[in-house]
Amino acid sequence: MNLKERLVSHGYDNIDILLIDEEKNQETVPGISLNKVTDLEYKLYLEPDSLKYDLDKDNPYFTARQKSEEGASKEVKGFILEW
């Protein structure tokens, strides 16, 4: 199950994602309407095989490797913010 399917199965439809990388840099990806996104991993530059989920908590999040434009990758934690 991909990230979009997991989030939809947990009742999310419109979300913001707060990404924090291993160097504590933060980036918010606002206004994601899951019913309009076809490939959320591609939109966030995530390596699909690296995704780990922790969506059943009060502060749901996922971890993954995120690719940069230069081809390098870094570990990110993505917190799901519902709106």
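Start by selecting Glu-41, which lies in helix 2 (residues 40-43), where helices are DSSP runs of H or I with at least four residues, strands are runs of E with at least two, and both are numbered from the N terminus. Glu-41 is buried yet has no salt bridge, and the nearest side chain of opposite charge, Arg-6, is 8.2 Å away. Here buried means under 20% relative accessible area, exposed means over 50%, and partly exposed lies in between, with a 1.4 Å probe and protein chains only. A salt bridge is a side-chain nitrogen of Lys or Arg within 4 Å of a carboxyl oxygen of Asp or Glu, and for charge Lys and Arg count as positive and Asp and Glu as negative, while His and the chain ends are not counted.

Next, show the surroundings of Glu-41: leaving aside residues up to four places away in sequence, Glu-41 touches Asn-2, Leu-3, Leu-46, Pro-48 and Leu-51, a contact being heavy atoms within 4.5 Å.

Before moving on, keep in mind that this is a predicted model, in which local features need pLDDT of at least 70 and side-chain atom pairs count only at pLDDT 80 or more, whereas totals for chains, interfaces and linings use all residues. Residues are numbered from 1 along each chain as its sequence is written, and side-chain values use heavy atoms, with hydrogens and water left out.

Now colour the model by secondary structure. The protein has two helices and five strands, which follow the pattern α-β-β-α-β-β-β along the sequence. The radius of gyration of the protein is 12 Å, close to the 12 Å that the globule rule gives for 83 residues, so the protein is as compact as a globular protein of that length; this radius is taken over C-alpha atoms, and the rule is 2.2 Å times the number of residues to the power 0.38. Along the principal axes, the C-alpha atoms fill a box of roughly 35 × 25 × 20 Å. Buried residues make up 36% of the 83 residues, and among contacts with a separation of 6 or more, 43% come from residues 24 or more positions apart.

Select strand 5 (residues 73-82) together with strand 1 (residues 14-21): the two run antiparallel and are joined by seven bridges, and two strands are said to pair if DSSP finds at least two bridges between them. Within this pairing, Asp-16 has Leu-81 in strand 5 as its bridge partner.

Strand 4 and strand 5 form a hairpin with five residues between them, and in the turn Gly-71 has a positive phi of about 100°. Then pick Phe-62, whose bridge partner in strand 5 is Gly-78, and look for Tyr-53, which stands opposite Phe-62 in strand 4. Strand 3 (residues 52-54) pairs with strand 4 in the antiparallel sense over three bridges, and a hairpin joins strand 3 to strand 4 through six residues.

How many salt bridges does a search of the whole structure find? The search finds three. Side chains of opposite charge can pair when their charged atoms come close.

For one of these salt bridges, display Asp-21 and Lys-74, whose closest N and O atoms are 3.4 Å apart. The pair links distant parts of the chain, with Asp-21 in strand 1 and Lys-74 in strand 5, 53 residues apart. Is Asp-21 buried or exposed? Asp-21 is buried, with a relative accessible area of 7%, while Lys-74, at 31% relative accessibility, counts as partly exposed.

Finally, centre the view on Arg-65, which is partly exposed at 25% relative accessibility. Glu-22 forms a salt bridge with Arg-65, the closest N and O atoms being 3.7 Å apart; Glu-22 sits in the loop between strand 1 and strand 2 (26-33), and Arg-65 in strand 4, 43 residues apart. Glu-75 likewise forms a salt bridge with Arg-65, at 3.6 Å between the closest N and O atoms, and here the partners are Glu-75 in strand 5 and Arg-65 in strand 4, 10 residues apart. Salt bridges that share partners thus join Glu-22, Arg-65 and Glu-75 into one network, in which Glu-22 is partly exposed at 47% relative accessibility and Glu-75 is partly exposed at 30%.
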